[in-house]
Amino acid sequence: METAQHISVLLQESIEGLQIRPTGLYLDGTLGLGGHSFEIASRLTTGHLVCIDKDPFALEYGKQRLEQFAPHVTFVHDDFRHAARVLAELHLGPADGMLFDLGVSSPQLDNAERGFSYMQDAPLDMRMDSTAPLSAYEIINHYSKEDLTRILFEYGEEKYARRIASAIVETRQAHPIETTFALVDVIRSAMPASALREKQHPAKRSFQAIRIEVNGELDAVREMMATAPDALRKGGRLCVISFHSLEDRIVKTSISRRENGCTCPREAPVCTCGFVQTLRSITRKPITASEAELSANPRARSAKLRIAERV
Ligand SMILES: C[S@@+](CC[C@H](N)C(=O)[O-])C[C@H]1O[C@@H](n2cnc3c(N)ncnc32)[C@H](O)[C@@H]1O
Ligand SMILES: [Zn+2]
């Protein structure tokens with residue numbers, strides 16, 4: 001098996017946040033290369049760890065990396081949006097802790113042929129789950145100009161969204177846009193010269209937007225936050241590491257709605273809206289990477305860890 005390099009982000013902070021009990025039940029919704037899972041599994045005696053990833057390659061790799069803990073680990077190929085259902089189907093009882101380390105892994109980014117990178121030429125793909133039907137090719141060659149504009153604007157916060165969407169539609173009328181570099185050329189052609197001089201690669205925002213759409217990334221986080229915390233036991237911990245503001249906003253507002261979602265008028269003597277608190281936030285402000293971690297791994301720069309406890 002090819003060896004892959006991935007430095008787990010906020011590793012110590014998230015493991016501490018989980019407050020692992022050696023006999024507990026844990027879920028890692030984003031196995032990846034298994035860095036976090038390895039630390040969790042190595043702290044268990046009679047406990048159990050459920051590892052989910054929607055990328056079949058990640059599961060293969062993770063299985064080998066965690067081989068020494070095999071009796072205590074269950075691997076599931078699924079979307080973490082179904083984490084609560086996965087636990088229910090395994091009949092393992094409520095979880096003591098769950099971790100979600102969002103986004104893509106280094107092998108996903110670095111394997112040119114998976115089409116995530118605007119730095120390497122490859123067929124347009126960007127699927128984390130290679131068995132999923134929707135790829136970047138579909139989106140770029142078949143979505144309407146309006147949908148492309150909306151995606152680039154909302155998921156990429158790209159201010160030239162409309163111009164880029166128009167250029168995509170115009171180009172594909174002549175021939176399909178098949179590769180990452182072909183798409184980069186179209187994006188460049190739609191941007192003013194001033195934008196091309198910015199430090200950030202001109203295709204960065206668009207690629208982020210398309211990746212989010214291909215993988216349904218924001219919907220997955222929303223659905224996970226709506227359901228997974230209910231599969232925690234009282235006192236159980238939820239740790240979520242996000243890498244951009246769109247994800248972090250969902251995590252933050254979902255926690256605060258579960259913490260204080262009462263909609264009664266302020267002067268009401270008792271709550272009558274039916275709100276039941278299910279989470280307590282442990283991190284008022286998200287935890288970010290230390291200077292030491294940043295110098296070893298610049299990718300940790302945008303990482304934010306939020307921790308909440310089931311009440
Ligand atoms: C940043 S990596 C995780 C790295 C891991 N914590 C480690 O230390 O090696 C994110 C992983 O989550 C997976 N992933 C992302 N979104 C997912 C989803 N909605 N459902 C399941 N897996 C997902 C990706 O395939 C990727 O392998
Ligand atoms: Zn109320």
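Student: Is A308 buried or exposed?

Tutor: Count the neighbours around the residue. In this predicted model, A308 has 26 C-beta neighbours inside 10 Å, so it counts as buried. The cut-off for buried is 20 or more.

Student: Where does A308 lie?

Tutor: A308 is part of strand β7, residues 304-310.

Student: Which residues is A308 in contact with, leaving aside neighbours within four places in sequence?

Tutor: Look past the sequence neighbours. A308 then touches L238, I255, L279, R280, S281 and I282. Take S281 from that list. S281 and A308 are 27 residues apart in sequence, yet their C-alpha atoms are 4.3 Å apart in space.

Student: Now a helix. How many residues does α11 have, and what does it reach from first C-alpha to last?

Tutor: Compare the span with the expected one. Helix α11, residues 204-215, has twelve residues. Its span is 17 Å, close to the 16 Å expected at 1.5 Å a residue.

Student: How many residues of α11 are buried?

Tutor: Eleven of the twelve, so α11 is mostly covered. Among the buried ones are F207, A209, I210, I212 and V214. R205, R211 and E213 are buried too.

Student: What covers the buried residues of α11?

Tutor: The cover includes helices α6 (136-142), α7 (145-156), α8 (161-174), α9 (180-190) and α12.

Student: What follows α11?

Tutor: G216 does. Check its backbone angle: phi is positive, near 55 degrees.

Student: At what angle do the axes of α7 and α11 cross?

Tutor: Read angle and distance together. These axes cross at roughly 100 degrees and come within 8 Å. That makes α7 roughly perpendicular to α11. From α7, the contact uses I151, L152, Y155 and G156. From α11 come R205, S206, Q208, A209, I210, I212 and E213. Sorted by class, that contact has six nonpolar, three polar and two charged residues.

Student: At what angle do α12 and α13 pack?

Tutor: Helix α12 (residues 217-227) and helix α13 (residues 245-260) pack at about 15 degrees, with axes 10 Å apart. That makes α12 roughly parallel to α13, since angles under 35 degrees count that way. The crossing is right-handed.

Student: Which residues of α12 and α13 meet?

Tutor: α12 brings L218, V221, R222 and M225. α13 brings L246, E247, I250, V251 and S254. By class, this contact has six nonpolar, one polar and two charged residues.

Technical notes:
Residues are numbered from 1 along each chain as its sequence is written. Chains are lettered from A and ligands numbered from 1 in the order in which they are written. This is a predicted model: local features need pLDDT of at least 70, side-chain atom pairs count only at pLDDT 80 or more; totals for chains, interfaces and linings use all residues. Axes are lines fitted to C-alpha atoms, for helices over the stretch in contact, and angles run from 0 to 180 degrees between N-to-C directions. Helices (H or I, at least four residues) and strands (E, at least two) are DSSP runs, numbered from the N terminus. Angles under 35 degrees count as roughly parallel, over 145 as roughly antiparallel, 65 to 115 as roughly perpendicular and the rest as oblique. A crossing is left-handed if the near helix is turned anticlockwise from the far one by less than a right angle, and right-handed if clockwise. Two residues are in contact if their C-beta atoms, placed from the backbone, lie within 7 Å. Ala, Val, Leu, Ile, Met, Phe, Trp, Tyr, Cys and Pro count as nonpolar, Asp, Glu, Lys and Arg as charged, and the others, Gly among them, as polar. The expected span of a helix is 1.5 Å times one less than its number of residues.
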